[in-house]
Amino acid sequence: MATNKELRIGLIGCGFMGRTHSNGYLRVKNFFPEQQYKPVLKAVCARTESKARAFADQWGYESIETDWKKLIARDDIDAVDICTPNDMHAEIAIAAAEAGKMVLCEKPLARTYEESLGMVNAIEKAGVKNTVWYNYRRLPAVTLAKQIIDSGKLGRIFHYRANFLQDWTINANLPQGGEGLWRMDAAVAGSGVTGDLLSHCIDTALWLNGSITTVSAMTETFVKERVHQLTGNVQPVGIDDACSFMCRFKNGSLGLFESTRYARGHKALYTFEINGENASIRWDLHDLNRLEFFDNADQSVLKGWRSIHVTDGDQPYMNRWWVPGLGIGYEHSFVHQVADFMQSLETGGSCSPTFREALETNQVCQAVLDSAAEGAWKTIH
Ligand SMILES: NC(=O)c1ccc[n+]([C@@H]2O[C@H](COP(=O)([O-])OP(=O)(O)OC[C@H]3O[C@@H](n4cnc5c(N)ncnc54)[C@H](O)[C@@H]3O)[C@@H](O)[C@H]2O)c1
């Protein structure tokens, strides 16, 4: 029988992720009703009162703040959820941890490895519960991929291949920086596609295939100067528009990763494929309920890629939703992460990836950027 233990949330940042997380907090009560802990939308913080008020009214937050430091100082907040651009993650997370709050932080942890390490140290020193929103792990098809790999069905792994392709920055007149375009400003984002998109691919890869030991990367900035929204001046562009890297995994497999915002025709094509001795799997975000699987043990005349519609009750998370055959979407990955976080409070376990686990992704991103800058292989482990 579920008992009601409140987890009072203070959310900072009312953009894209502010909405996906709020939706997660609201939905979890309906779809994971047996859980003891229930999120309570206590306060939301935006820089302007009108924006915070509008968001609070839309999503049901009880109160608003316009200064995140005040939100952290409140006695009626248990957990701080960081949904701001990357340059603010470290300062907020460290302050929240020092105030004894649990911290749920958007990815990537921070702009650089060093900055991320400071966050991990603060969180571990404070001993507070934490998680990082690498939400793709919690799409049922991706979780099923993890279960298949862990069962040993693929045998020895030879190859890991991942892409994350977009096309929204090709226009040379697109400005950089400021509201909505902070991803184009290296001072705020830390990097371009490496921290923004490849971080997702790397997190999934580390989870599915283990640690990366060495990397060799190349990056390119196709448009070298853009008007900065905040200054009005034409300024150099410091982010990587595209990045490709090859790597070696600790398990002996070879990795190939590519990300760009210049792949005309692609909005958010995140794909991965893993080739093992006995079987292969591949997945595509555009068809997120499906996992493709090739099993070399199949009868020779029937051998081929099978397309598994991951919507049945015995597949990950799917007993929570509708009836077999009916798919779920992107937003459900956030509901699942909220549910797993609530569960970790009940069991005393952790909700992966923790800050410590997510640090490894920043470590790989840093090695990738350093490798591209120096034109040399970089060793991580
Ligand atoms: N997990 C994912 O799939 C995923 C997807 C998109 C973004 N993200 C991450 O989430 C974070 C936010 O990205 P987004 O797409 O939501 O950006 P966004 O621009 O849509 O939203 C960021 C919000 O933060 C607000 N903000 C900025 N400074 C603030 C301050 N001092 N106090 C309060 N609010 C402030 C902005 O006004 C904006 O509303 C980034 O770290 C990004 O990398 C993760």
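Where does Tyr-317 lie in relation to strand 16 and helix 9? The points below take up this question along with others, and they concern a predicted model.

1. Backbone at Tyr-317. Tyr-317 is found in the loop between strand 16 and helix 9, and this residue has a positive phi of about 65° although it is not a glycine. As background for a reader new to such angles, most residues other than glycine have a negative phi, and most peptide bonds are trans.

2. Cis peptide bonds. The bond that leads from Lys-107 to Pro-108 is cis, with omega near -15°, and Pro-108 sits in the loop between strand 5 (102–105) and helix 5. Another cis peptide bond joins Ser-352 and Pro-353, where omega is about -10°, and Pro-353 belongs to the loop between helix 9 and helix 10.

3. Domains. The domain assignment divides the protein chain into domain 1 (5–135) and domain 2 (138–379), and the C-alpha centres of domain 1 and domain 2 are 23 Å apart. Across the boundary, 38 residues of domain 1 are in contact with 36 residues of domain 2. On the side of domain 1 that touches domain 2, the elements giving two or more residues are helix 1, strand 2 (37–45), helix 5 (113–126) and strand 6 (130–132), and helix 1 gives the most, with eight residues. By class, the residues on this side of domain 1 comprise 20 nonpolar, twelve polar and six charged.

4. Helix 1 against helix 9. Two packed helices are described by the angle between their axes and the distance between the axes. For helix 1 (residues 16–31) and helix 9 (residues 331–347), the axes come within 8 Å and cross at roughly 65°, and the crossing is right-handed. Among the residues that meet here are Thr-20, His-21, Tyr-25 and Phe-31 in helix 1, together with Glu-331, Phe-334, Val-338 and Met-342 in helix 9. Taken by class, this contact of helix 1 with helix 9 has eight nonpolar, five polar and two charged residues.

5. Strands of a sheet pair through backbone hydrogen bonds, either parallel or antiparallel. In this model there is an open sheet of nine strands with mixed pairing, and the strands follow the order 16-15-14-13-7-12-11-8-17. Strand 16 (306–309) and strand 17 (378–379) are the edge strands, each of which pairs on one side only.

6. Helix 10 (residues 355–374) lies across strand 8, strand 11 (242–249) and strand 17, and runs at about 50° to strand 8.

7. Around the ligand. Which residues come nearest to the ligand? Of the 22 residues around the ligand, those that come nearest are Gly-13, Gly-15, Phe-16, Met-17 and Glu-106. The shell around the ligand draws at least three residues from each of domain 1 and domain 2, and by class this shell has eleven nonpolar, six polar and five charged residues.

Definitions and conventions: Residues are numbered from 1 along each chain as its sequence is written. This is a predicted model: local features need pLDDT of at least 70, side-chain atom pairs count only at pLDDT 80 or more; totals for chains, interfaces and linings use all residues. A residue is near a molecule or strand if its C-beta atom, placed from the backbone, lies within 6 Å of it. Ala, Val, Leu, Ile, Met, Phe, Trp, Tyr, Cys and Pro count as nonpolar, Asp, Glu, Lys and Arg as charged, and the others, Gly among them, as polar. Domain bounds come from an automatic or database domain assignment. Two strands pair if DSSP finds at least two bridges between them. Helices (H or I, at least four residues) and strands (E, at least two) are DSSP runs, numbered from the N terminus. Two residues are in contact if their C-beta atoms, placed from the backbone, lie within 7 Å. Axes are lines fitted to C-alpha atoms, for helices over the stretch in contact, and angles run from 0 to 180 degrees between N-to-C directions. A crossing is left-handed if the near helix is turned anticlockwise from the far one by less than a right angle, and right-handed if clockwise.
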